[in-house]
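Please look over the sequence and the structure shown below. The paragraphs that follow lead through selected parts of the model in turn.

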Amino acid sequence: TKCESGCVCADGLYENLNGKCVPAEECPCEYGGLSYGRGEQIQTECEICTCTKGKWKCVKKSRCSSTCNLYGEGHITTFDGQRFVFDGNCEYILATDGCSINRPVSSFKIVTENVICGKSGVTCSRSISIYLGNLTIILRDETFTISGENPSVQYHVKKNALHLMFDIIIPGKYNMTLIWNKHMNFFIKISRGTQETICGLCGNYNGNMKDDFETRSKYVASNELEFVNSWKENPLCGDVYFVVDPCSENPYRKAWAEKTCSIINSQVFSACHNKVNRMPYYEACVRDSCGCDSGGDCECMCDAIAVYAMACLDKGICIDWRTPEFCRKF
């Protein structure tokens with residue numbers, strides 16, 4: 001309706017993020033505050049999305065996977081994304097199948113054994129047991145042992161400087177990748193070719209985080225401690241009645257913990273901030289760094305930061321954050 005000074009693109013052309021006029025085929029796509037060019041792809045565990053004419057076109061993967069994380073002093077993120085913290089000196093079932101009343105036979109079971117690792121009573125995941133019928137894999141003391149055999153299960157072990165990785169295939173049922181950092185962090189990535197129900201501290205893997213606190217008795221617990229206590233492997237262990245706040249128990253450590261963990265909020269991880277919410281990881285890092293007061297405090301802090309780095313990597317962002325002076329690899 002009136003003349004205004006400035007520039008416009010000719011018909012059929014569109015302004016890109018650099019202020020240039022380009023045809024629709026060359027329009028970029030945005031995701032998480034970053035720009036992607038024509039034909040570039042981003043991947044989630046269930047979809048592959050391709051940038052086409054400025055819009056994402058997504059195709060579902062034939063097999064969808066999800067990951068459960070157990071890290072630091074009892075932090076868990078379930079397959080469906082529910083987060084909680086627990087402290088308990090016992091063995092707990094992380095994940096198993098055969099949970100339904102109709103099919104109570106289990107083809108796998110993964111158990112974590114927690115050990116007290118601080119004067120304030122916090123626990124760390126120190127030992128992981130993987131039961132696959134008559135085949136048993138034990139992760140403990142920075143190494144692993146394998147006993148028994150199960151001809152119907154295929155597995156492959158890979159090692160690098162920081163991790164032990166186990167690729168496990170239960171034909172017709174599950175493909176699993178288990179990643180252990182030889183200390184406190186353990187990841188279960190699973191894709192399934194069956195509708196078999198999964199249960200344990202990693203939740204029921206049904207796409208709904210609201211019912212993840214489903215107990216062994218098949219009801220949804222009113223709180224996470226009731227849920228955790230129901231998944232004790234040994235019923236003789238005592239129940240957990242409260243969650244320790246290590247920074248309240250060790251207030252002299254809080255300033256150091258906040259300072260060292262602030263790398264998560266810094267420019268070092270800036271490329272990831274728009275893709276993965278950093279606050280739960282920062283808070284977990286501070287909590288763990290306050291709690292490891294019997295030695296190994298830097299190890300606890302580094303493990304917590306490494307979990308955020310791995311979450312970034314899952315979104316395609318590789319952060320080179322370790323240095324010879326800070327959380328070196330060896």
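How much space lies in the largest pocket? About 770 Å³ lies there. The model is predicted, so local features need pLDDT of at least 70 and side-chain atom pairs count only at pLDDT 80 or more, while totals for chains, interfaces and linings use all residues. Residues are numbered from 1 along each chain as its sequence is written, and side-chain values use heavy atoms, with hydrogens and water left out.

Some terms are needed for the pocket. On a 1 Å grid over the protein atoms alone, a pocket is an open set of points where a 1.4 Å probe fits, with protein on both sides within 12 Å along at least five of seven lines, and lining residues have an atom within 4 Å of a point. Grid points are joined across faces, edges and corners, and the volume is the space filled by probe spheres set on the points.

The lining of the largest pocket consists of 29 residues, and Leu162, His163, Ala306, Trp321 and Arg322 lie nearest its centre. Helix H6 (residues 297-314) supplies the largest share of this lining, nine residues. Helices (H or I, at least four residues) and strands (E, at least two) are DSSP runs, numbered from the N terminus. Because domain 2 (65-230) and domain 3 (246-315) both give residues to the lining, the largest pocket lies between them; the domain bounds come from an automatic or database domain assignment.

The next feature is a sheet. Seven strands form an open sheet in the order S10-S9-S8-S19-S18-S17-S16, with antiparallel pairing; two strands pair if DSSP finds at least two bridges between them. Strand S10 (83-85) and S16 stand at the edges with a single partner strand each, so one side of each has no neighbour in the sheet.

Within this sheet, strand S8 (residues 65-71) pairs with strand S19 (residues 186-192) in the antiparallel sense over six bridges. Asn69 has Phe187 in S19 as its bridge partner. Strand S16 (residues 154-159) runs antiparallel to strand S17 (residues 164-170), and six bridges join them. A hairpin of four residues leads from S16 to S17, and Lys159 stands opposite Leu164 in S17.

Finally, Lys210 lies in the loop between strand S20 (198-199) and helix H1 (224-230). Is Lys210 buried or exposed? Lys210 counts as exposed because its relative accessibility is 75%, where buried means under 20% relative accessible area, exposed over 50% and partly exposed in between (1.4 Å probe, protein chains only).
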